[in-house]
Amino acid sequence: MTDLAAAQNAGLAFNPAQQRPAATTDLPAGVCPSLYNKDLAPTKKDSRSWGAYSLFTLWANDVHSLGNYAFAIGLFALGLGGWQILTALMMGAGLLFVLLTLSGFMGPKTGVPFPVMSRISFGTRGAQIPALIRGGVAIAWFGIQTYLASKVLDVLLITLFPSLQALLAHHVLGLPVLGWISFSLLWVVQTMIACWGMESIRKYEAFAGPVILVTFIALAGWVLYSSGGRIQWTAPQPSTGGAMWVQIMGAASLWVAIYGTFVLNFCDFTRGATSRSAVVKGNFWGIPINMLIFGLIVVVLTGGQLAIDGTLILSPTDIVEKIPNKPLLILASLSLLILTIAVNLMANFVAPALALANLLPRQLNFRRAALVSAILGFVILPWNLYDSPLVILYFLGGLGSFLGPLFGIVMADYWLIRKERVHVPALYSDDHRGPYHYQNGVNRRAIQALVPSALIALLFAFLPALESVSHFSWFIAAGLGGLFYWLLTPKGQHYEDQDGEAIAVNHAQH
């Protein structure tokens, strides 16, 4: 029996507004100051501004990230040719469309961000666990992605001002002086955009999306022109037969796993969506259609360069560096910088800012939490992390092993157990009779499901004997997390459904 059901059976129907008053006058009655601020509050339905185009531009930026291009281009080196890579990407895109739509629907329904959404299954206090895991991964990758972008800026600055080449000879704490300048400039730009809030991020993504699409389509056109229209569709060492299909399915699974962080906290963005229809349309054009364009660009860039000189590129930056026209080289480099900032903002800035705001809502709003996140991403000296394979493998890989089980637990609870019935105001109450208080604010069943499924995910990640199925570890871990939680949770309980309009704020305030 749930805490809510127990309270109702005892004649104590839960109503947060009838509990103690808010501790401060600027908070709605019934909410706990340690669980609520304006950036964690639900968004008013009539103030939501993220339409299908806004969500599409998120994917227009994120899908075309340099990391994704490096992954897809790397499939050529594994023996997959053009049509096999397109097949793998489209299989992954179909799965992602379903997962991200299910995850995205939680946003328009409740209007709350992921750290608050996690309170449904983990409890008002236990939700700190998934929020901080997701935020910790993002902080590290924010720093690393900023460092990688700074290397592009290094090249651009030297192209514009050749005398700056001398600054590469002097290192401070593992980074050249020019690298410090580039990293600091990008850090400041990203921090300024993020500190203006989610609406500022939406506007930047809307600007960057078309720029990125046009840039990569133009880059593919340049390669196609340079190759005389010839594309080498087969890999240098092609894979065939059953091994080929295993690699295709493994690549599709890894393509989904790349978005293991995003499927978890997609509601951070869709809480501002105007409707479910906007989520479906934005995801449809942004995931399967956009990923098809992405795959075709990968094939043209890689197969075209193979046809030109037989070399296998590692990244689109290899193509950019070969552009003979200096103005076009500068424009292409600027586009890559615009892209990296867009990806970093959506994938690695929002999650830690909201996680920290959830940790200390009385001290940190979104702007302050974003600044703290940015500072943490700076002081960890991310170039040293990136240059240490052990750190990437064991720290980030270890944290990443929790993402699949977390997704499985949250989805199983929301869709299978509660069937979308959420008492939104209760997510901000610490009353012991509340439905999300559980035991001292922690749902032990969620922890009991998380620990074994995460340990199994770690085994897949690090045991050589399981290497053959390691590509499918995210799906296995997510499935086990959801299954364990479903088995541990009582079925057939009554769950009250109430929107959060009474305590909601305008989306523009976020």
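Modeller: In this predicted model, helix α9 passes helix α13 in a left-handed crossing.

Colleague: How is a pair of packed helices described in general?

Modeller: Two packed helices are described by the angle between their axes and by the distance between the axes. Here, the axes of α9 (residues 198-226) and α13 (residues 276-309) cross at roughly 30 degrees and come within 9 Å. Angles under 35 degrees count as roughly parallel, so α9 is roughly parallel to α13.

Colleague: Which residues make the contact between α9 and α13?

Modeller: From α9 they include Leu 213, Phe 216 and Ile 217, and from α13 they include Asn 290, Ile 297 and Val 300. By class, the residues of this contact are 11 nonpolar, 4 polar and no charged.

Colleague: Where is His 64 found, and is His 64 buried or exposed?

Modeller: His 64 lies in the loop between α2 (52-62) and α3 (66-77). Its relative accessibility is 0%, and buried means under 20%, so His 64 counts as buried. Among the residues that His 64 touches are Leu 213, Phe 216, Asn 290 and Ile 297. The side chains of His 64 and Asn 290 are joined by a polar contact of 3.0 Å.

Colleague: At what angle do α4 and α20 pack?

Modeller: Helix α4 (residues 82-110) packs with helix α20 (residues 403-417) at about 60 degrees, the axes being 11 Å apart. The two helices are therefore oblique to each other. α4 passes α20 in a left-handed crossing. Their contact involves residues including Leu 99 and Lys 109 of α4 and Phe 407 and Trp 415 of α20. It has 9 nonpolar, 1 polar and 1 charged residues.

Note on methods:
Residues are numbered from 1 along each chain as its sequence is written. This is a predicted model: local features need pLDDT of at least 70, side-chain atom pairs count only at pLDDT 80 or more; totals for chains, interfaces and linings use all residues. Side-chain values use heavy atoms; hydrogens and water are left out. Axes are lines fitted to C-alpha atoms, for helices over the stretch in contact, and angles run from 0 to 180 degrees between N-to-C directions. Helices (H or I, at least four residues) and strands (E, at least two) are DSSP runs, numbered from the N terminus. Angles under 35 degrees count as roughly parallel, over 145 as roughly antiparallel, 65 to 115 as roughly perpendicular and the rest as oblique. A crossing is left-handed if the near helix is turned anticlockwise from the far one by less than a right angle, and right-handed if clockwise. Contact means heavy atoms within 4.5 Å. Ala, Val, Leu, Ile, Met, Phe, Trp, Tyr, Cys and Pro count as nonpolar, Asp, Glu, Lys and Arg as charged, and the others, Gly among them, as polar. Buried means under 20% relative accessible area, exposed over 50%, partly exposed in between (1.4 Å probe, protein chains only). A polar contact is a pair of N or O atoms within 3.5 Å; within protein, one must be able to donate a hydrogen and the other to accept it, and residues adjacent in sequence count only if both atoms are side-chain atoms. Lists of a residue's contacts leave out its neighbours within four places in sequence.
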